[in-house]
Amino acid sequence: MPESIQTTALAATAGSASDADLLAQTAVAVRAAASALRERFGAVVRYRTREELMRALAANDDVVLDVLRPRLTLLRPDARVVEDELAGGALPPGEWWVLDPAEGNVNHLHALPEWAVTATLVRDNQPVLTAVHLPLTGETYTALAGAGAHLDGRPLRVSGTTDLGLSVVATSQARPDEDEKVVRRIGSSITAMLLDALVVRTSVPATLHLLNVAAGRIDAFWQFAGARADLLPGALLVAEAGGRISDAEGRPWTPESESFLAAGPGVHTQAVTTLSR
């Protein structure tokens with residue numbers, strides 16, 4: 001991936017028209033797959049062991065992928081699909097679909113409303129387009145490199161707030177069974193933000209926080225570690241909505257980075273300072 005995801009917002013490529021059509025069809029596919037997951041939503045799914053939990057999570061993923069994968073294959077027959085939604089790092093050359101079939105899967109199992117279905121097309125390690133659908137609200141967020149970010153066709157714009165002390169910020173647990181050093185770093189960063197920001201929100205999944213950053217509802221989001229599937233969709237949305245993407249130290253972010261920060265330009269530098277303490 002290039003030095004910064006924000007390079008995606010440079011002049012549109014020669015294939016932009018076809019990519020715009022592809023995004024529209026991707027959004028249709030994501031909505032169809034999300035509808036299948038919505039039918040499974042309601043009662044709390046009980047589990048007594050880690051094995052039972054993993055089976056329940058996989059069952060939700062499979063329901064979505066059974067609908068989504070064949071539709072995306074028809075749209076882009078030569079594109080490969082990333083099978084591991086917790087994977088990070090660079091991808092081999094070519095086109096890849098990075099999918100999170102049930103972003104916020106644990107929330108879904110617990111009958112909590114914060115979950116979504118996402119699909120992002122990556123071309124030679126460059127995110128090209130993304131579609132995120134929230135079945136319980138019916139909202140579809142989309143972004144196309146160089147062409148902006150939208151909510152149901154309406155342009156999105158990040159917050160213009162310039163004072164971190166007046167900002168709503170958010171973070172997310174990176175993943176289950178995280179390394180203890182990362183967990184402690186998350187804790188210290190929350191403490192630092194509690195001192196400097198107006199309100200600190202802590203919950204999963206990351207993508208929903210990033211949707212709110214792109215829409216200007218939240219001023220900044222940060223996370224340590226993380227995977228392609230839970231950061232790429234929101235990163236593209238925020239960048240195309242005019243936000244700044246970096247690691248927590250302010251350096252260009254890539255999927256190999258050990259931290260992630262997305263913020264409105266007015267508070268990005270202040271957030272870096274807070275997180276670097």
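**Exercise 1. Burial in helix 5**

Task: Which residues of helix 5 are buried?

Solution. 
- Helices are DSSP runs of H or I with at least four residues, strands are runs of E with at least two, and both are numbered from the N terminus. Buried means under 20% relative accessible area, exposed means over 50%, and partly exposed lies in between (1.4 Å probe, protein chains only).
- List the residues. Ala-206, Thr-207, Leu-208, His-209, Leu-210, Leu-211, Asn-212, Val-213 and Ala-214 are buried in helix 5.
- Conclude. Nine of the nine residues of helix 5 are buried, so the rest of the structure largely encloses it.
- Check what follows. Gly-216 comes after helix 5 and has a positive phi, near 80°.

The model is predicted: local features need pLDDT of at least 70, side-chain atom pairs count only at pLDDT 80 or more, and totals for chains, interfaces and linings use all residues. Residues are numbered from 1 along each chain as its sequence is written, and side-chain values use heavy atoms, with hydrogens and water left out.

**Exercise 2. Helix 5 against helix 6**

Task: Find how the axes of helix 5 and helix 6 cross, and which residues meet.

Solution. 
- Take the axes. They are lines fitted to C-alpha atoms, for helices over the stretch in contact, with angles from 0 to 180 degrees between N-to-C directions.
- Read the geometry. The axes of helix 5 and helix 6 (residues 228-240) come within 8 Å and cross at roughly 5°.
- Classify. Helix 5 is therefore roughly parallel to helix 6. The classes are: under 35 degrees roughly parallel, over 145 roughly antiparallel, 65 to 115 roughly perpendicular, and the rest oblique.
- Name the residues in contact (heavy atoms within 4.5 Å). Helix 5 supplies Ala-206, Thr-207, Leu-210, Leu-211, Val-213 and Ala-214. Helix 6 supplies Ala-229, Asp-230, Leu-231, Gly-234, Ala-235, Leu-237 and Val-238.
- Sort by class. The contact of helix 5 with helix 6 has ten nonpolar, two polar and one charged residues. Here Ala, Val, Leu, Ile, Met, Phe, Trp, Tyr, Cys and Pro count as nonpolar, Asp, Glu, Lys and Arg as charged, and the others, Gly among them, as polar.

**Exercise 3. Helix 4 against helix 7**

Task: Work out how helix 4 and helix 7 are oriented and what makes their contact.

Solution. 
- Start with the axes. Those of helix 4 (residues 180-196) and helix 7 (residues 268-275) come within 9 Å and cross at roughly 130°.
- Classify. The two helices are therefore oblique to each other.
- Assign the hand. Helix 4 passes helix 7 in a right-handed crossing. A crossing is right-handed if the near helix is turned clockwise from the far one by less than a right angle, and left-handed if anticlockwise.
- List the contact. From helix 4 come Ser-189, Ala-192, Met-193 and Asp-196; from helix 7 come Ala-271, Thr-274 and Leu-275.
- Sort. The contact of helix 4 with helix 7 has four nonpolar, two polar and one charged residues.

**Exercise 4. Two side-chain polar contacts**

Task: Which side chain makes a polar contact with that of His-268, and which side chain is joined to that of Gln-223?

Solution. 
- Define the pair. A polar contact is a pair of N or O atoms within 3.5 Å; within protein, one must be able to donate a hydrogen and the other to accept it, and residues adjacent in sequence count only if both atoms are side-chain atoms.
- Take His-268. It is found in helix 7 and is buried at 2% relative accessibility. Its side chain makes a polar contact of 2.8 Å with the side chain of Ser-246. Leaving aside neighbours within four places in sequence, His-268 is in contact with Arg-244, Ser-246, Gly-250, Leu-261 and Ala-263.
- Take Gln-223. It is found in strand 10 (residues 220-224) and is buried, with a relative accessible area of 0%. A polar contact of 3.5 Å joins its side chain to that of Ser-172.

**Exercise 5. Backbone in the loops**

Task: Where are Pro-205, Ala-111 and Asn-125 placed?

Solution. 
- Pro-205 lies in the loop between strand 9 (199-202) and helix 5 (206-214). The peptide bond from Val-204 to Pro-205 is cis, with omega near 5°.
- Ala-111 is in the loop between helix 3 (105-109) and strand 3 (116-123). Its phi is positive, near 60°, in a residue other than glycine. Ala-111 is partly exposed at 27% relative accessibility.
- Asn-125 is in the loop between strand 3 and strand 4 (126-134). It has a positive phi of about 65°, although it is not a glycine. Asn-125 is buried, with a relative accessible area of 12%.
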